[in-house]
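Please have the sequence and the 3D view open as you go.

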Amino acid sequence: KTTEVEHDFTMPDDSFGAPWFYPGSVGFTYEIQEVCKALRADKKECDQFTWNNSIQLATMIDEIIRQTRGEVGGADEEEKMGV
């Protein structure tokens, strides 16, 4: 059985008025701060989002692309990207 947990993450202060290209982009500052914290502690990954989590996410994204556009990677994908 799994339990759903809801977290509330307030947006960081954006009073300095930086130009964000996407709505909510200021929220990425949380991720940037955690990466900086990990690097300063000489860690290779963050406690909140591990390397394994990154691999799992990339695998899911690859599967979404495969199911919506066809195979991931290879010549067809490079051609679509103009490589």
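K37 and E34 sit three residues apart in helix α1, which means about one helical turn separates them. The two form a salt bridge, with their closest N and O atoms 3.2 Å apart; the term calls for a side-chain nitrogen of Lys or Arg within 4 Å of a carboxyl oxygen of Asp or Glu. This is a predicted model, in which local features need pLDDT of at least 70 and side-chain atom pairs pLDDT 80 or more, while totals for chains, interfaces and linings use all residues. Numbering runs from 1 along each chain as its sequence is written, and side-chain values use heavy atoms, without hydrogens or water.

**Helix α1**
- Helix α1 covers residues 28–40 and reaches 19 Å from first to last C-alpha, close to the 18 Å expected at 1.5 Å a residue (1.5 Å times one less than the number of residues).
- Helices here are DSSP runs of H or I with at least four residues, numbered from the N terminus.
- Just after α1, D42 takes a positive phi of about 60°.

**Largest pocket**
- The largest pocket has a volume of about 430 Å³.
- Of its 18 lining residues, Y30, E31, E34, C46 and F49 are the closest to the centre.
- A pocket is an open set of points on a 1 Å grid where a 1.4 Å probe fits, with protein on both sides within 12 Å along at least five of seven lines; lining residues have an atom within 4 Å of a point.
- α1 gives the most to this lining, with seven residues.

Notes:
Helices (H or I, at least four residues) and strands (E, at least two) are DSSP runs, numbered from the N terminus. Grid points are joined across faces, edges and corners, and a volume is the space filled by probe spheres set on the points.
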